[in-house]
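This report goes through selected features of the structure below, starting from a single side chain and ending with the contact between chains.

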Amino acid sequence: MNKEELLQDLWGKINSGEISKEEIASLLKNTEPTTKEISATKRVSHLPVARMLYAIGAVIVLVGIIFFIAQIWDDIGSFGRILLTLGLGIVFVFLGADLVRKQADNLIGQIFHVIGGLLIPGGYFVLIEELNISTRTPWPFTFVFGKIFLVYLVLTIIQKVPILTFFTIANGTAFVYFLVFSIIDGIPYIDDEIISVYLTMIVGASYFFLSRAFQNTWNSKLNGALYLFGSIFVFGATFSRVFDSELWQFLYFLVVFGGLYLSIYLKSQIILVMSTIFLIAHISYITSEYFADSLGWPISLVILGFIFIGLGYASVNINKKYINSTEQPLQ
Amino acid sequence: MKEFIKKNITLVLAFALPIILIAVVALVAYVPSMFFNSNYNFIYATCGNETYYSYKCNSYLQKLYSVVNGKLTVNQVALNIDLDHDGEIDFDKNYSTHIFFHDVKKNVSREITLQEAQKFSLSGLITDPDGVNVSGQYDGGTDVFPFYNGHSSYNYYLEKNKSKKRLNLINSNERYSYYERNFYFIGWVVN
């Protein structure tokens with residue numbers, strides 16, 4: 001039904017008395033934006049500038065703190081060093097938590113959380129150094145990141161702010177890595193490198209699951225970053241296995257095609273782009289490994305070029321058809 | 001609980017995957033050493049200069065201690081000579097040596113006197129009667145991007161075929177532990 005048909009139909013129903021003019025007027029009144037909504041829209045349109053100023057301010061504050069601490073580092077003693085790094089970080093987190101509690105929709109609280117979140121891990125490292133805690137094994141760092149992860153997990157459950165979820169994920173990731181390295185430290189028959197590759201795949205997969213869980217929630221702003229790092233972790237870690245194993249050379253095609261399917265399922269341009277980039281990298285590797293000698297480099301390059309064009313075309317079409325059918329920010 | 005898991009299955013999987021990997025790694029790392037041990041304790045010696053590490057100390061220990069007829073024997077070692085003609089005297093007069101008894105069940109060492117050590121019946125073989133030996137290995141520490149630990153050390157293990165168990169020897173967690181020559185295995189205690 002086009003517009004004219006719709007209007008004609010509507011006019012017919014008004015004439016027949018099925019719908020009254022008052023009902024239509026009431027419907028139109030209800031859909032008109034209120035003054036409150038107009039001012040909210042205006043406020044939202046100003047937010048990017050405010051956000052930029054907040055971000056610049058946070059960077060300036062952080063750089064200032066770092067330079068200030070560096071200047072007086074040698075003169076303040078152990079207690080002063082711990083106070084100025086860890087202490088300051090904790091103060092910023094408390095201020096951030098208080099500001100978020102009082103003004104949930106104001107960004108200033110989240111900016112305080114950013115500063116605190118960046119200062120606290122460094123502060124704990126200073127604490128370990130100043131207390132002369134042995135760092136011959138990674139266990140002290142495991143406990144530090146485990147503790148920070150738990151604090152941020154509790155904070156984000158209480159306050160429901162994306163920046164807190166971000167720090168929960170970041171510290172949780174560091175905790176998982178340090179925990180695994182602590183467990184395998186000094187175990188001679190376990191290969192650190194292989195374990196780290198599989199761990200990175202698992203962490204990347206966890207990011208995908210988190211992003212799926214965050215869809216249409218207050219954490220959905222983090223999905224772009226989760227898609228990006230999830231893709232890099234999964235496709236990058238898996239790609240590193242390709243060089244050692246023919247089985248992985250075959251399996252990798254399944255992994256990247258799985259990535260393409262995932263990009264459609266999650267409607268994510270980022271996963272689509274990353275899958276395509278890693279598919280191109282893999283095809284380039286396979287070509288150089290198996291076909292460069294038999295076909296010769298010039299022919300291989302021509303074929304590769306056409307494959308790239310084909311993959312680019314397919315990628316753009318997947319995006320148009322399945323992902324970006326509606327206007328959405330890059331995710 | 002079941003309802004929560006059903007509703008939040010993706011969130012549960014996000015947490016479950018790393019936890020499962022950690023559990024598997026812990027099992028692979030700890031289980032083999034939990035069930036592997038020697039049935040025999042052993043004694044060993046360490047040697048060092050109080051102020052600096054001497055790389056010839058281990059050679060000194062090899063010459064100083066030997067197992068003869070199942071007993072620890074102390075040999076005379078000539079000092080102030082240069083047998084290898086490298087322009088330096090072979091052994092320092094200021095070496096301090098220590099003898100330790102290692103309890104393999106508890107995986108702890110305690111220092112003993114020379115007289116105590118000489119009371120034990122020792123096997124002069126490098127493997128115990130069950131075929132377990134003490135071997136050293138250089139551990140480079142965790143050095144996977146982006147977590148460079150940088151702490152390398154030379155550690156000792158009970159070893160038989162592919163089974164290994166790390167030994168907590170005296171000095172193994174402190175300075176000099178990255179030098180393999182700081183440790184000299186004397187013998188298994190066979191009674």
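## Leu311(A) and its neighbours

In this predicted model, Leu311(A) touches Thr276(A), Leu279(A) and Ile280(A), leaving aside residues up to four places away in sequence. Leu311(A) itself belongs to helix 12 of chain A.

Between the C-alpha atoms of Leu311(A) and Tyr261(A) the separation is 14 Å, and the two residues are 50 residues apart along the chain.

## Helix 11 against helix 12 in chain A

Two packed helices are described by the angle between their axes and the distance between the axes. For helix 11 of chain A and helix 12 (residues 297-323) of chain A, the axes come within 10 Å and cross at roughly 160 degrees. Angles over 145 degrees count as roughly antiparallel, and helix 11 and helix 12 of chain A are therefore roughly antiparallel to each other. Their crossing is right-handed.

On the side of helix 11 of chain A, the residues making the contact include Gln269(A), Leu272(A), Thr276(A), Leu279(A), Ile280(A) and Ile283(A). Helix 12 of chain A contributes, among others, Trp297(A), Leu304(A), Ile307(A), Phe308(A), Leu311(A) and Ile318(A). By class, this contact has 15 nonpolar and seven polar residues, with no charged residues.

Lys267(A) sits in the loop between helix 10 (246-265) and helix 11 (269-295) of chain A. Its phi is near 55 degrees, a positive value in a residue other than glycine. Lys267(A) is partly exposed, because 17 other C-beta atoms lie within 10 Å of its own, a count between the limits of 12 for exposed and 20 for buried.

## A hairpin in chain B

Asn69(B) is another residue that has a positive phi although it is not a glycine, with a value of about 50 degrees. Asn69(B) lies in the loop between strand 2 (65-68) and strand 3 (71-74) of chain B. Asn69(B) is exposed, because 8 other C-beta atoms are within 10 Å and the limit for exposed is 12 or fewer.

Strand 2 and strand 3 of chain B form a hairpin with two residues between them, and Asn69(B) is in the turn. The two strands pair in the antiparallel sense over four bridges. Val68(B) has Lys71(B), in strand 3 of chain B, as its bridge partner.

## Chain B as a whole

Chain B has four helices and 12 strands. Of its 191 residues, 24% count as buried. Among the contacts in chain B with a separation of 6 or more, 63% are between residues 24 or more positions apart.

## Where chain B meets chain A

How many residues of chain B are in contact with chain A? There are 27, and they are in contact with 31 residues of chain A. At least two residues on this side of chain B come from each of helix 2 (9-34), strand 7 (133-139), strand 8 (143-144), strand 10 (153-160) and strand 11 (163-166). Helix 2 of chain B gives the most, with 12 residues.

The residues on the side of chain B that touches chain A divide into 14 nonpolar, eight polar and five charged.

Definitions and conventions: Residues are numbered from 1 along each chain as its sequence is written. Chains are lettered from A and ligands numbered from 1 in the order in which they are written. This is a predicted model: local features need pLDDT of at least 70, side-chain atom pairs count only at pLDDT 80 or more; totals for chains, interfaces and linings use all residues. Two strands pair if DSSP finds at least two bridges between them. Two residues are in contact if their C-beta atoms, placed from the backbone, lie within 7 Å. Ala, Val, Leu, Ile, Met, Phe, Trp, Tyr, Cys and Pro count as nonpolar, Asp, Glu, Lys and Arg as charged, and the others, Gly among them, as polar. Axes are lines fitted to C-alpha atoms, for helices over the stretch in contact, and angles run from 0 to 180 degrees between N-to-C directions. Angles under 35 degrees count as roughly parallel, over 145 as roughly antiparallel, 65 to 115 as roughly perpendicular and the rest as oblique. A crossing is left-handed if the near helix is turned anticlockwise from the far one by less than a right angle, and right-handed if clockwise.
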